[in-house]
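Please open the model in your viewer and keep the selection tool at hand. The stops below each begin with something to select and go on to what is found there.

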Amino acid sequence: MNFASKALRDVTFFPLWLDHPDAPNVEPQLIGHASADLLIVGGGFTGLWAAILAKEAQPERDVMLIEAGKVAYGASGRPGGVVSTSIMHGLRNAERLFPEDIAELERLGQENLRGFRDTLSRHKIDAEECWGGELTVAVGDRHVDDLLAECDLHNKYGHKAEFLDAEALKSQIISPIFSAGCWNRDLSGTVHPARLAWGLKHAARALGVRLHEMTPMQSVERDKGILKVMTHDGSIKARKILLATNAFAAGDRRIKSRVVGIRDRIIATQPLTDEQLDRIGWRNRQGIYDTRTQLNYMRLTRDNRMTFGGRLTYYYDGTNNTDPAGERVVQPYLRLAEAFHRTFPQLDDVQFTHAWSGPIALTTRMAVHFQSYQDGDMIWAGGYSGFGVSTSRFGARVGLAKLDQEDLPELKMSFATSMPSRIPPEPLRWLGAKITLHALDTADEKGGWRHTWLRLVEAMGFPLT
Ligand SMILES: Cc1cc2nc3c(=O)[nH]c(=O)nc-3n(C[C@H](O)[C@H](O)[C@H](O)COP(=O)(O)OP(=O)(O)OC[C@H]3O[C@@H](n4cnc5c(N)ncnc54)[C@H](O)[C@@H]3O)c2cc1C
């Protein structure tokens, strides 16, 4: 039996983060009719941050949050949990999109992460946060110059980034395929995502937010000037609605025109022993991304497990069903386990205990945008493209400001006034996604037409390589 099959032999297909004795009780579903000044739909990070920010700004405001399943059932209970200062999916992406605003976007990103960290201490949320920074590592020699440029760019905008050559990198992480690194120590690090979501849920409730789980919004209509949301067993009248449904709304016709629902996967090891940890030398516990075309990302947990993510596929069953619990077979995780083995062959004796996937709302911008409905009384905030653990706080803040038509300088910036490009409809979208993901998988080893195709997709606006 090869490494991947052996190491995945006893795996549970459930997110490590949600498999925890501290999981809170489920709040009762809404039965009957209710009203609220602000209704938030979706109990992931965006919705929870929005609830807290709205109440902290106006304690007397009547805020209700409804969640279709349980809080953190979606992407927020499933990420790698790497927390970044960037609100635009990294400085290079910000430079690509909004070069004229880059300094201000960086300032806003740092302000966002300070607000994130302040909220955790103010509400005594133990999200197992670890502020070891973010480390981008080059695989092979191809991206070493890019990493040098990335470090320079970070330092130009006030970060504390350090370039690590192959030798220096070994004192942070040992892998035969890593050839250099850029370690950005500024403010960032990792969190336990479910503990973060549960802590935010607790804080929102303590602030007076009314929260109903197992309460999916089914439709919305305007009824005598006020918005009326129908749920399974009731209805809610609300003046304003924030749709915090991220990738789940990628099935909606309008949202779908700019958002693709993609599935991303993670595997988690059993707690590593001290001796196993010594073999990889990962002392500062950074959140790590590599530069492979189908990138992998990894981090350590408080109890010394390693989570290892990557391996995107496209959701397509005709309905854009993004149910994250759907995938419970070993096959899709085998290649991820093989990538783990290539990265850390010295850990050939580990077992994976958990494997799971989750939905990502991908756009050509690769960062948050806002869609407006019902004459601006209903706003969708999302599209973080796999980079939303901290950015969702920013998305919630700007989404609320848009709803309330606040006089906020950010609302005049290009990121808030523009939209990502439209994406071709099905079946072209499905075909394009299939070819692109195959090319991403094999471009590093096989090259050829794959690089030409990826450049073509990049020309459409998706920054892939
Ligand atoms: C595998 C994976 C790894 C990732 N790794 C990272 C990482 O390391 N760092 C990082 O920054 N980001 C990462 N991300 C991205 C990050 O998890 C997301 O950007 C973030 O969690 C989005 O939060 P959200 O609240 O907008 O969406 P979600 O958490 O998806 O919340 C949306 C919620 O809306 C609910 N909902 C949907 N429809 C309805 C309805 N009709 N009525 C009521 N409720 C509804 C859903 O049940 C869901 O709970 C990762 C994502 C995945 C999937």
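How are α4 and α11 oriented to each other? Before selecting them, note that this is a predicted model, in which local features need pLDDT of at least 70 and side-chain atom pairs count only at pLDDT 80 or more, while totals for chains, interfaces and linings use all residues. Residues are numbered from 1 along each chain as its sequence is written, and side-chain values use heavy atoms, with hydrogens and water left out.

Select helix α4 (residues 102–122) together with α11, which pack at an angle of about 100° with their axes 9 Å apart; axes here are lines fitted to C-alpha atoms, for helices over the stretch in contact, and angles run from 0 to 180 degrees between N-to-C directions. The two helices, α4 and α11, are therefore roughly perpendicular to each other, since angles of 65 to 115 degrees count as roughly perpendicular, those under 35 as roughly parallel, those over 145 as roughly antiparallel and the rest as oblique. Helices (H or I, at least four residues) and strands (E, at least two) are DSSP runs, numbered from the N terminus. Show next the side chains in the contact, where contact means heavy atoms within 4.5 Å: L108, E111, N112, G115, F116 and T119 come from α4, and T391, R393, F394 and R397 from α11. By class, this contact of α4 with α11 has three nonpolar, four polar and three charged residues, with Ala, Val, Leu, Ile, Met, Phe, Trp, Tyr, Cys and Pro counted as nonpolar, Asp, Glu, Lys and Arg as charged, and the others, Gly among them, as polar.

Move on to helix α2 (residues 45–57) and helix α7 (residues 193–206), whose axes lie 9 Å apart at an angle of about 30°. That angle makes α2 roughly parallel to α7. The contact draws on F45, L48, W49, A51 and I52 of α2, and on P193, L196, A197, L200, K201, A203 and A204 of α7. Its residues comprise eleven nonpolar, no polar and one charged.

Now select helix α13 (residues 428–446) and helix α14 (residues 449–459), where the axes come within 8 Å and cross at roughly 130°. On the α13 side the contact includes G432, I435 and T436, and on the α14 side it includes W449, R450 and H451. The contact of α13 with α14 divides into eight nonpolar, five polar and two charged residues.

Two backbone positions deserve a stop of their own. Most residues other than glycine have a negative phi, and most peptide bonds are trans. The peptide bond from E426 to P427, however, is cis, with omega near 0°, and P427 is placed in the loop between α12 and α13. At N246, a residue other than glycine, phi is positive, near 35°; N246 belongs to the loop between β11 (234–243) and α8 (253–256).

Finally, zoom out to the domain assignment, whose bounds come from an automatic or database source. The chain is assigned domain 1 (3–15 + 130–189 + 266–361), domain 2 (21–82 + 194–258 + 365–417) and domain 3 (428–459). The centres of domain 2 and domain 3, taken over C-alpha atoms, are separated by 34 Å.
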